[in-house]
Amino acid sequence: MTSSKKFNRLDRSKSGAAGALRGLQFLNKNNVGNDGWSEIESRFSDLSVNGLLPKSLFGQCIGMKESNEFAGEIFDALARRRGITSVSITKVQLRDFWEQISDTSFDARLQTFFDMVDKNADGRITEEEVKQIITLSAAANKLSKIQTNAEEYSALIMEELDPDNLGYIELYNLETLLLQVPNQSTHLTTSNSRVMSQMLSQKLLPTREPNPIKRSYKYLSYFIEDNWKRIWVLALWLSICAALFAWKFVQYKHRAVYHVMGYCVTTAKGAAETTKLNMAIILLPVCRNTITWLRSRTKLGLIIPFDDNINFHKVVAWGIAVGVGLHAGAHLTCDFPRLLHATDEEYEPMKQFFGEKRPNNYWWFVKGTEGWTGVIMVVLMVVAFTLAQPWFRRNRVNLPKTIKNLTGFNAFWYSHHLFVIVYVLFIIHGYFLYLSKKWYKKTTWMYLAVPVLLYATERLIRAFRSGYKTVRILKVAVYPGNVLALYMSKPQGFKYTSGQYVFVNCSDVSPLQWHPFSITSAPGDDYLSIHIRTVGDWTSKLRSIFSKVCQPPIEDQSGLLRADIGQGNEKIPKMPRLLIDGPYGAPAQDYKQYDVLLLAGLGIGATPLISIVKDVLNNNNKQHKDIEEGKKNPFATKQAYFYWVTREQGSFEWFRGVMNEVAENDEQGLIELHNYCTSVYEEGDARSALITMLQSLNHAKNGVDIVSGTRVKTHFARPNWRNVYKRVALNHPNKRVGVFYCGRPGLVRELRQLAQDFSHKTSTKFDFHKENF
């Protein structure tokens, strides 16, 4: 069959052939070639039994251990071709198998793929055989919907390749499909020349400066350029802390108590002064209304990194921990013991502070107001600080069930509110001082007065504002991947910017707790929407409550829907009452400052970016109308690249409507949408080869992607972020690109480093922003 004229009739110099060759690679590139066999031979020695390799271990031996079923199909295809009926093979037979697998020629790979489908070895593929290989490929790639629709897709292939209704297709038909289907449209062509791309790649190669002084200077200059806002804020904070510590240290060194307690008391008092400052300023980063106002209404964002408010809050918390440790440690382990063991002569100057009668034991200090308030504060701080750590807040620690119930977000939320008690005790502790009796020297309340008043005002504003910002539920949907979507009416006068977030309260779950969620609707929409991933205790209970009152979906709709609110149906159960507070500022709201946007979202992290995409589309359409009418539109964004990476096929349903809306209405090509499904094996792997063919065929014929169910074609595996940045840099020289990321913290370092590298070595400047709540 391979020698037939039909098989050789196509021109393999076409661009599609290169894509087909990649699509028929069977193994990871690391396994192909001379070195690949040595690794397989080594595995054969470990896995073989009496010199024979069982079929069940074939996948593990050739590097497909995650897809044993698929590897078994390859084994059967190769064995059929050689007339092998045994379920075990020798090393010689394995080498023969490997030589065909690793043959990079198009003909060899096409023949292998054909043999896998042609299970009866008659040189023809029936519709049932096509359906089986589609089901197998979909299972290997965790694409449940394609498995369900395997019969429909096999009929599509037969309709395309068997127009005469013969009931089968031959090898040359498969070759036609592979060579002539359009390449992935998501790999959009650009006008950049190959030479420019190669030059940029060479320029971005990590070159090591031989001179260590120049290398250090270059690294330092880059570091300062990228982090100068953080540096000056931290430097100012540390300088103030150091100055206060030194001031109090010197002050107490010249007092009489120094001759009894020595450097213990100077250290304790210096640490206490820094703790007063830090207990005051730790409230400022969480005054969200104030920060939102400063970010939106002033130019302070040019010098103050408002995006790092939560990070600064954490840094100050560490400062408090250090201050409390030094203060309490110096008092408990040094000051008090030295006072107890002081001579009568040494104690004489201390009478004005501790009384005529010398303290007779250690317990005297602890039971006093200064002592018990300090001990309780330390205990409460330790509890709150511990439960705020990510491994406890996100339940990452494997603990016994009884103890694990005491962790999680609820525990973090309630323990953090213990600081109301801490602040009360802190003021009491600062008033009843051992060594200061005059009121104007008891400065704790002076440090706290303004920040506490500001924070209390913020909470009152939230309570007042949320009291009248009740919302009416318009629609509820529970999507695959445990995502709850809530569509609500807009409260009167509620104005927001894409990228901002709101706090949500549901009294049926907890009357006290408020949780932040990004707004996914655009400012121009007549509704307000949020998408909530149910991963914690509060969100899980919220989903459960809405599930009970929602109606089941009708045909062609996903999830639990309730879209008929207000239509007079009295039998429908009452919806839970929701309160919202906000909107609050977030890094993503600064997108309007940039001509070019690079938006990267992981999983549910796409929520704030979806709102930006919708707003860019709405403003672009409005801009064209304004131009026609002779009006000016200040909207700056001229191009947006949206990359969404998710693990599950069902996740694409979360924003399917938005994807289709952009694909249909973005006539100017302003927004590029790139969806990535990481459960599908990367291009160049046989386990996704047929999915790639089906995807291209179905999209060309019906305009719908089989993976996402939208008009946007899906990439497989994970993006090559370096190539993404390179493409943007080539397309937009001498431009500032706003990079906005929301998702798991594991990718932050890579994206930030790439933004810095490309900013330093190209004329395109990338400003990286990460979402913080």
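Student: At what angle do α20 and α23 pack?
Tutor: Helices here are DSSP runs of H or I with at least four residues, and strands are runs of E with at least two, both numbered from the N terminus. Axes are lines fitted to C-alpha atoms, for helices over the stretch in contact, and angles run from 0 to 180 degrees between N-to-C directions. With their axes 9 Å apart, α20 and α23 pack at an angle of about 145°.

Student: For side-chain atom pairs in this model, which pLDDT counts?
Tutor: Residues are numbered from 1 along each chain as its sequence is written, and side-chain values use heavy atoms, with hydrogens and water left out. The model is predicted: totals for chains, interfaces and linings use all residues, whereas local features need pLDDT of at least 70 and side-chain atom pairs count only at pLDDT 80 or more.

Student: Is the crossing of α20 and α23 left-handed or right-handed?
Tutor: At this crossing, V383, A384 and L387 of α20 meet A411, F412, S415 and H416 of α23. A crossing is left-handed if the near helix is turned anticlockwise from the far one by less than a right angle, and right-handed if clockwise. By that convention the crossing of α20 and α23 is left-handed.

Student: Which residues are buried in helix α23?
Tutor: Buried means under 20% relative accessible area, exposed over 50%, and partly exposed in between, with a 1.4 Å probe and protein chains only. The cover over the buried residues of α23 includes α20 (369–387), α21 (390–393) and α24 (419–431). In α23, which spans residues 409–416, the buried residues are A411, F412, W413 and S415.

Student: At roughly what angle do the axes of α12 and α14 cross?
Tutor: Residues that meet here include W237, C241 and K248 in α12, with T266, E273 and L277 among those in α14. α12 passes α14 in a right-handed crossing. The axes of α12 (residues 212–253) and α14 come within 8 Å, and they cross at roughly 145°.

Student: Why does E273 count as buried?
Tutor: E273 lies in helix α14. Leaving out residues up to four places away in sequence, E273 touches L244, W247, K248, T443 and Y447, where contact means heavy atoms within 4.5 Å. E273 counts as buried because its relative accessibility is 2%.

Student: How many residues apart are C264 and C334?
Tutor: A disulfide is taken to be a pair of cysteine sulfur atoms within 2.5 Å, and a search of the whole structure finds 1. That disulfide joins C264 to C334, with an S to S distance of 1.5 Å, and both cysteines are buried. The pair links distant parts of the chain, since C264 lies in helix α14 (residues 263–281) and C334 in helix α16 (residues 309–340), and their separation is 70 residues.

Student: How many residues has the largest nonpolar core?
Tutor: A nonpolar core is a set of buried Ala, Val, Leu, Ile, Met, Phe, Trp, Tyr and Cys residues joined through side-chain atoms within 4.5 Å. I146, L597, F642, I671 and V707 have the most contacts inside the largest one, and another core, of 27 residues, lies apart from it, with F494 and W538 among its members. The largest nonpolar core has 52 residues.

Student: In β13, what is the bridge partner of L599?
Tutor: Strand β12 (residues 596–602) runs parallel to β13 (residues 639–646), and 7 bridges join them. Within β13, the bridge partner of L599 is F642.

Student: Over how many bridges do β6 and β7 pair?
Tutor: β6 belongs to an open sheet of 3 strands in the order β6-β7-β10, with antiparallel pairing. β6 (473–479) and β10 (528–533) are the edge strands, each pairing on one side only. V476 has L486 as its bridge partner in β7, and β6 pairs with β7 (residues 483–488) in the antiparallel sense over 6 bridges.

Definitions and conventions:
Two strands pair if DSSP finds at least two bridges between them.
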